[in-house]
Amino acid sequence: MMNTATEIKENKTSPGKASVIIADQLTKRFGDFTAVDGISFEVSKGEIFGFLGANGAGKTTAMRMLCGLSLPTSGTASVAGFDVYKENEKIKRNIGYMSQKFSLYEDLTIKENIRFYAGIYGMTDKYIKENTERILQQLHLEKEAGKMVKSLPLGWKQKLAFSVAIFHEPQIVFLDEPTGGVDPVTRREFWNMIYQAAESGITIFVTTHYMDEAEYCNRVSIMVDGRIDALGTPTELKSNMKASSMDEVFLKLARKATRGE
Amino acid sequence: MSAVIVDNVVKKYGSKKEQVTALKGVSIDVKKGELFGIIGPDGAGKTSLFRVLTTLLLPDGGRATVDGMDVVKDYKAIRQHVGYMPGRFSLYQDLTVAENMEFFATIFNTTIEENYDLVKEIYSQIEPFKDRRAGKLSGGMKQKLALSCALIHRPSVLFLDEPTTGVDAVSRKEFWEMLKRLKEQGITILVSTPYMDEASMCDRVALIQSGEIMSVNTPQGIIDQFKNPLVAVKAATMLHLLNDLKEFPGQLDAYPFGEFHHVVLKEGNSENELKNYLAGKGWKDIEMKKITPDIEDCFMALMKS
């Protein structure tokens, strides 16, 4: 768990564990504009990897390439062992995804949402039935299972969305600002779920605007103007930047940005 | 004098069968010229409160005044006097920057020139793009345009609903610096945010959760109300540490907080007792320090009390 942050200290690629994401000089251009400018990094199995950057730094574009939704202009990347150019359909099947903006269908019930997503990922009826019960129990939502998702408070919605995103036991789950606007108590419960998923071997790739959450990651990368300007454990980044907090690290790096959104 | 008075305001949504009470008797009193923060997570009732105060929603109970005018009876007059920047970008996407500004100025029977001094600092940053359509602006520029449009009629009270949500840490700092300078011009500002760390930028804040105000005070006042001893603890294996901390009989609460765990101690319990307890559990190389709570600690304590 959190201790792996110190165990993998000094290692940019965390050897000893297989890498489930490998990006090498990954680049995306839109016309003259280079949104992602040759980023290289590896993420190992079961790691919690924080992917930070200011608005417009290129995070979303990079994530879209890693999720198999957008083809890179140049460079290489493999995700869950599959090539982002040729095997993007296989990538989609082996990852989970949730974001703050879109996660569940508001006008489907909790149970229907689970069944819908599990069905899309080709889970069997038996698997869906057994695991739906398990999720509902874990989230204490047994009584609410037949209610529309829109009736749930945001914090519950986000916890449910995360459970749905890892329902098909993906190798990696991509979380795009999963805790935005969530109250501080629920935010911590959400991170507890992240730890449990990581412990079970699921790799977590997460973006956030909360700098205290950056501290909960094993390693953190910070994007500035399309490039990765810093990569390491929170402890390493703070000592390298002579900063007392991740907030300070982020401000020092992001202030250098020359481009807006 | 008060710029905004909210007295026991109630707002309910939905049919009788499935009713949600968004505001459960909220009361606040905002002084003229104050920079007042409404701090709480999504679903706490911040937007409902702003919509009642900007006369876009009728309250189901209680009363409220803005600049001495009643939000129900004097709604037309209030609309002349307040500026409102909703959480969702609400300008005309297919009008240019300049056209949006002119539109709002005209509606309020004024001109950009008349109040240019007020918006100058903000508007000058987007003026080079004045012929660009609003829909084509970046998030940060949209925000500056929306703020300029909300200010163009020189409102006496400005309502900003979550202006910094989803905005990165650097832009958030810049935005708050902008608000401080606006406040110096004598405008009363009510601003809502889910980010607890922004409380320190306000003169006073109201902490809101599930439609109820938990506390209203200066940021320092809220921190001073936190009576229990608070300790930050760090060790090599943080998750296991948290489990042990939660079992410490002298703790009221223990939770992760950035690189440390925070432990709220029951009154009469000291740091030393916690130290001994952890030593007894076999913990070595523990880093521990007594700390002053920040607003997030206070918010969680209030949520759980």
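Which strands of chain B does helix α9 (residues 271-280) of chain B lie across?

A: This is a predicted model, in which local features need pLDDT of at least 70, side-chain atom pairs count only at pLDDT 80 or more, and totals for chains, interfaces and linings use all residues. Residues are numbered from 1 along each chain as its sequence is written, while chains are lettered from A and ligands numbered from 1 in the order in which they are written.

Helix α9(B) lies across β11, β13 and β14 of chain B. Its direction is at about 165 degrees to β14(B). Such angles run from 0 to 180 degrees between N-to-C directions, with axes fitted to C-alpha atoms, for helices over the stretch in contact. Contact here means that two C-beta atoms, placed from the backbone, lie within 7 Å. Helices (H or I, at least four residues) and strands (E, at least two) are DSSP runs, numbered from the N terminus.

Now the sheet under the helix. Four strands form an open sheet in the order β12-β13-β11-β14 (chain B), and their pairing is antiparallel. Two strands pair if DSSP finds at least two bridges between them. β12 and β14 (287-290) of chain B are the edge strands; each has a single partner strand, so one side of each lacks a neighbour in the sheet. On average, neighbouring strands of this sheet are turned by 20 degrees against each other, direction ignored. β11 (residues 230-234) and β13 (residues 260-265) of chain B are joined by four bridges in the antiparallel sense. In that pairing, A232(B) stands opposite H262(B). Strands of a sheet pair through backbone hydrogen bonds, either parallel or antiparallel.

Parallel pairing also occurs in chain B. Strand β3 (residues 35-39) of chain B runs parallel to β8 (residues 188-193) of chain B, with five bridges between them. There, I38(B) faces S192(B). β3(B) also pairs in the parallel sense with β9 (residues 204-209) of chain B, over four bridges. I39(B) has L207(B) as its bridge partner in β9(B).

β3(B) is largely enclosed by the rest of the structure, because five of its five residues are buried. Buried means 20 or more other C-beta atoms within 10 Å of a residue's own; 12 or fewer means exposed, and anything in between is partly exposed, with C-beta atoms placed from the backbone. In a regular strand the side chains alternate between the two faces of the sheet. Both faces of β3(B) are covered: L35(B), G37(B) and I39(B) are buried on one side, F36(B) and I38(B) on the other.

Next, the whole chain. Chain B has ten helices and 14 strands. Of its 305 residues, 44% are buried. Its C-alpha atoms fill a box of roughly 75 × 45 × 40 Å along the principal axes.

Finally, chain B meets chain A. In chain B, 29 residues are in contact with 32 residues of chain A. α5 (139-151), α6 (169-184), α8 (238-246), β12 (251-257) and α10 (295-304) of chain B each supply at least two residues of the side that touches chain A. α10(B) gives the largest share, four residues. By class, this side of chain B has 15 nonpolar, ten polar and four charged residues. Ala, Val, Leu, Ile, Met, Phe, Trp, Tyr, Cys and Pro count as nonpolar, Asp, Glu, Lys and Arg as charged, and the others, Gly among them, as polar.
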